[in-house]
Amino acid sequence: MDFWQDLPSMALLAGFGLAALVVLLSGLRLTAIADRLADRTGLGEAIVGGVLLGAATSLSGTIVSITAALDGRASLAFSNSVGGIAAQTVFLAVADMFYRRTNLEHAAADLGNVFQGLILIVLLGLPFAALTTPEVTVWAVHPVSFAIPLVYVLGLVANRQIQQAPMWTPVQTDATRTDEAEEEEESGASTTRLFATFAALMLVMGSAGWVIAKTASALIDRMALSESLIGALGTAVVTSLPELVTTVAAVRRGALQLAVGGIIGGNTFDMLFLTAADISYRDGSLYHAVTMPDYFWIVTALLMTGVLLGGLILRQRRGPGRIGAESVLLLLLYGGAVAVQVLA
C-alpha cells in the first residue's frame, strides 16, 4: 500500500502545510545571501537574481514536477511548472506596492532583465511547438525537451555578454536605482560559507517540495480534484511563496534589480521543469498527455510576461494608485485567469 494514500486527510493537509512553511522560511534567508554573493562575485544583482536566486527558489517546484511525472501525473507536473510562472509574475505587482518612491519597473530598469524576459517568451512558445507537431519521442522524451535547456543556456551566455558589453542602456533618471556593491563588515561570513549555506537551504527546500508533491497527489485522489487546478493554483503557488517573500524583501532593502531578476530568472528556470518532467514521464510525450486547461496557463504566462516587458521598457514613473499601470494589468490578468480556471 502507498504510505501517503494511507494517511488521514488531516495528516495530509498538515503535511502539506508544514512543507509549505519550510519552503517559506527557507526562502526568507535566500535574498540577503544572494545580495551579498552578487557583491562578492561581481556578477551583479540581475545575473545573481536571475540565475542563482531564481534557481534556488524554484527547486521545490522542480521536485514537485519530477515527482508528479514519475507518478504518471502529467497534468499536475505540467501545470505546476507553468502555473508557477504566472503566480511569480504577479508577485512583482505585489512588490510594486511596497516600493513607494516610484514605479518598480521604472527604477529597476536593467538590460539583463529585459533580455531574460525575451528568452522566457521564446521558452514559453516551445511547448506549443511540441503540441502542434507529431508526437515523436526519443527515449520517450519529446525533442522540445532537449531544446528547452539549450535555449536556456544560450540565453545565459548571451545575457552575460550583454552585461559585459551592453549595446543599450536605460536612461538614468532621478528614480533609477543602480546596482552598487555594498560595504560589508569584516566579521561577515566567507564567500565559501555563504555558498554552503545557500546550498543547504536549497536541499531543505527540495525535500519540502517532495512532501508537497506526495501530499497533493494523495489529496487529489481522495477528493477527486482536478490535477490542472491543484497544480496551477495549489502546488505552484505554495512552491512559489519564496519568490514572493524574497521579492518583497529585496525591494524593501533596495535591491531592485535582484527582485525583478529573481522573478524573471526564476520563471525561465521553471521552464526546465518541463524538460525534467518529460524525462520523468515514461508514457510518451508530456506535451501531448496534458489537457487544454494546462496550456491555458502558458497563454496566461505569455501575456503577463509581455506586459512586464512593456513596463520595463516604457518605464512609467507613476501609475494609478501609485503603482505602475503594468502592475494593475498583471493583477487583472492573473485574477481573470484564476476565475476562468475555477469556474470552468
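**Terms and the values behind them**

Guide: T62 is found in helix α3, residues 45–70; helices (H or I, at least four residues) and strands (E, at least two) are DSSP runs, numbered from the N terminus. This is a predicted model, in which local features need pLDDT of at least 70 and side-chain atom pairs count only at pLDDT 80 or more, while totals for chains, interfaces and linings use all residues. Residues are numbered from 1 along each chain as its sequence is written, and side-chain values use heavy atoms, with hydrogens and water left out.

Visitor: Why is T62 called buried?

Guide: Buried means under 20% relative accessible area, exposed over 50%, and partly exposed in between (1.4 Å probe, protein chains only). T62 has a relative accessible area of 13% and is therefore buried.

Visitor: Which residues does T62 touch, leaving aside those up to four places away in sequence?

Guide: They are F269 and F273, where contact means heavy atoms within 4.5 Å. T62 and D270 are 208 residues apart in sequence, yet their C-alpha atoms are 7.2 Å apart. Over the protein chain, 86% of contacts between residues at least 6 apart in sequence join residues at least 24 apart.

Visitor: What makes S217 a buried residue?

Guide: S217 lies in helix α8 and has a relative accessible area of 5%, so it counts as buried. Residues that S217 touches, not counting those up to four places away, are Q5, R73 and L76. With R73 there is a polar contact between side chains at 3.4 Å. That term denotes a pair of N or O atoms within 3.5 Å; within protein, one must be able to donate a hydrogen and the other to accept it, and residues adjacent in sequence count only if both atoms are side-chain atoms.

Visitor: How does the reach of α8 compare with the expected value?

Guide: The expected span is 1.5 Å times one less than the number of residues. α8 has 33 residues and reaches 47 Å from its first C-alpha to its last, close to the expected 48 Å. For the 13 residues of α9, a straight helix would span 18 Å, but α9 spans only 16 Å between its end C-alpha atoms.

Visitor: What happens just after α8?

Guide: A224 takes a positive phi of about 55° there, although it is not a glycine. This residue lies in the loop between α8 (191–223) and α9 (227–239). Its relative accessible area is 67%, so A224 is exposed.

Visitor: How do you know that S226 caps the N-terminal end of α9?

Guide: A side-chain oxygen of S226 lies 3.3 Å from the backbone nitrogen of S228. S228 is among the buried residues of α9, which also include I230 and G231.

Visitor: Why is L21 called partly exposed?

Guide: The relative accessibility of L21 is 43%, so it counts as partly exposed.
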